[in-house]
Amino acid sequence: MTHTPAYAAQAADQPLAPHTIERRAPGAHDVAIDILYCGVCHSDLHTARNEWGNTRYPSVPGHEIVGTVTAVGKDVKGFKAGDTVGVGCLVDSCQHCPSCAEGEEQYCENGFTGTYNGPAQEDGGNTHGGYSANIVVNEKFVLRVGHEDNLAAVAPLLCAGITTYSPLRHWGAGPGKKVGIVGLGGLGHMGVKLAHAMGAHVVLFTTSPGKVADGKRLGADEVVISKDPEQMAKHANSFDFILNTVAASHNLDAFLTLLKRDGTMCLVGAPEHPHPSPTVFNLIMKRRQIAGSLIGGIRETQEMLDFCAEHGIVSDIETIAMRDINKAYERMLKSDVKYRFVIDMQTLKDEAKAA
Ligand code: NAP
Ligand code: ZN
């Protein structure tokens, strides 16, 4: 076991603060990773504040991890000390159910282990995520990372990237398809970049008039202010697919009516409070569908990382010090993120050394 500096929430109404966790010694199949950068996902905030009602404390969030391998177990073949690697939202799954067999570990029928707030093997407590100096992960859940010159901006691909890539691929975003992305935050800005790179006609829906120019720069062909019914009405019955990344409860009908016959709106945003129920007639009159999607499996995450390397795609980030995490959460709640906060983990290591 190693004493590892981290930042944790001790309760739903407490800010994140310095905390020491124990990391297991690497087992035969484990990779020990010194964490360089960790992205800040809205799920971290939902979890730290127990907005989904399932948080185990102390809670160390963070599942957009990039770092350097420091040691590997004796049976690890795929990685060696010095490699640059990533860890996303998953660190384990049963490996034998039908979903795992198909490489969809996020849908593991026996329950996957989340990078944080999952069950920990070593001490029966909960797993601790990337707001920490290092992590130990089974090699099956470790990803290869390129873009060595811009690692901080790669970190958000590990959650925001795969969570948007997977449904865009599943519902066939590409040339000839009209694809909507709802919300220009961490997930949404990756959705815009990825759907554009896949060749779709991309329409961004935002509630923030100040994000219109950025939306176009990031790859949207059109930007619609979703609070303006006139702008919305122009797009009625026209979308093949809409990816909804909004982190708060809102009116889904406003977007459902924009789908054409047989179109799908996939929800990836996971708000604390449920959405008002959509009008059933908006579904049945055009055989429209509402769907959901959870991150992506390890194979597809590697595919996404390779796709991003090939297309020169990284996240647009604002780097922060670990001690500024609570301020970052407040800005995230005001939709004031351009477009992902990433923690420089050296700031945590320096703070721990000085203490
Ligand atoms: P984020 O950076 O905070 O972005 C969310 C965006 O939603 C905001 O920037 C804002 O965009 C829009 N928005 C916020 N409040 C709104 C409201 N009341 N009405 C309409 N639009 C609103 O969050 P994120 O990290 O991208 O995460 C988004 C959601 O996805 C979270 O709930 C998170 O937990 C969830 N998530 C799900 C998965 C999954 O596997 N399904 C994975 C990761 C995260 P505009 O300013 O452009 O309107
Ligand atoms: Zn996330």
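Biologist: Where does proline 58 sit?

Modeller: Proline 58 is in the loop between helix 1 and strand 4. Bear in mind that we're looking at a predicted model.

Biologist: What kind of peptide bond joins tyrosine 57 and proline 58?

Modeller: The general idea first: most peptide bonds are trans. The bond between tyrosine 57 and proline 58 is cis, with omega at about -5 degrees. There's also a cis bond from lysine 338 to tyrosine 339, where omega is near -15 degrees. Tyrosine 339 belongs to the loop between helix 11 (325-333) and strand 17 (340-344).

Biologist: Next, backbone angles. What is the phi of asparagine 117?

Modeller: Again, the general idea: most residues other than glycine have a negative phi. Asparagine 117 isn't a glycine, yet its phi is positive, at about 60 degrees. You'll find asparagine 117 in the loop between strand 7 and strand 8 (134-138).

Biologist: Is asparagine 117 buried or exposed?

Modeller: To read that, use the cut-off: buried means under 20% relative accessible area. Asparagine 117 has 13%, so it counts as buried.

Biologist: And what about isoleucine 295, what is its phi?

Modeller: Isoleucine 295 has a positive phi too, of about 25 degrees, and it is not a glycine either. Look for isoleucine 295 in the loop between strand 15 (289-292) and helix 10 (298-311). With a relative accessible area of 8%, isoleucine 295 is buried. A backbone N or O atom of isoleucine 295 also lies 2.8 Å from an oxygen atom of ligand 1.

Biologist: That brings us to ligand 1. Which residues come nearest to it?

Modeller: There are 29 residues around ligand 1, and Thr206, Thr207, Ser208, Lys211 and Arg340 come nearest. For arginine 340, an N or O atom of the side chain is 2.6 Å from an oxygen atom of the ligand. Leucine 184 uses its backbone instead: a polar atom there is 2.7 Å from a ligand oxygen. The protein covers 88% of the 920 Å² of accessible area that ligand 1 has on its own.

Biologist: How do I read the make-up of that shell?

Modeller: Sort its residues by type, and you get 13 nonpolar, 14 polar and 2 charged. Then ask where they come from. Domain 1 (2-158 + 315-354) and domain 2 (160-292) each give at least three residues. Helix 1 (42-48) and helix 5 (186-197) each supply at least two, and the largest share, 3 residues, comes from helix 1.

Biologist: On to the metal. Which residues coordinate the zinc ion (ligand 2)?

Modeller: For a metal, start with the donor atoms. Here they are Cys41 (SG), His63 (NE2) and Cys159 (SG), at 2.0 to 2.2 Å. Along the chain, the donors follow the spacing C-x21-H-x95-C.

Biologist: Why does the pair of histidine 63 and cysteine 159 tie together parts that are apart in sequence?

Modeller: Histidine 63 is in the loop between helix 1 and strand 4 (65-72), while cysteine 159 is in the one between helix 3 (151-154) and helix 4 (160-170), so the pair links parts 96 residues apart in sequence. Histidine 63 is buried at 8% relative accessible area, and cysteine 159 is buried at 4%.

Biologist: Last one: what does the side chain of glutamine 106 contact?

Modeller: For a polar side chain, look for N or O partners. Glutamine 106 makes a side-chain polar contact with glutamate 104 at 3.0 Å. A polar atom of the glutamine 106 side chain also lies 3.1 Å from the backbone nitrogen of glycine 297. Glutamine 106 counts as buried, at 2% relative accessibility, and its place is in the loop between helix 2 (98-101) and strand 7 (113-114).

Note on methods. Residues are numbered from 1 along each chain as its sequence is written. Chains are lettered from A and ligands numbered from 1 in the order in which they are written. This is a predicted model: local features need pLDDT of at least 70, side-chain atom pairs count only at pLDDT 80 or more; totals for chains, interfaces and linings use all residues. Side-chain values use heavy atoms; hydrogens and water are left out. A residue is near a molecule or strand if one of its heavy atoms lies within 4 Å of it. A polar contact is a pair of N or O atoms within 3.5 Å; within protein, one must be able to donate a hydrogen and the other to accept it, and residues adjacent in sequence count only if both atoms are side-chain atoms. Accessible areas come from the Shrake-Rupley method with a 1.4 Å probe; for residues, only the protein chains shown count as cover. Helices (H or I, at least four residues) and strands (E, at least two) are DSSP runs, numbered from the N terminus. Ala, Val, Leu, Ile, Met, Phe, Trp, Tyr, Cys and Pro count as nonpolar, Asp, Glu, Lys and Arg as charged, and the others, Gly among them, as polar. Domain bounds come from an automatic or database domain assignment. Donors are N, O and S atoms within 2.8 Å of the metal (3.2 Å for Na, K and Ca); water is not among the atoms, so sites may look incomplete. Buried means under 20% relative accessible area, exposed over 50%, partly exposed in between (1.4 Å probe, protein chains only).
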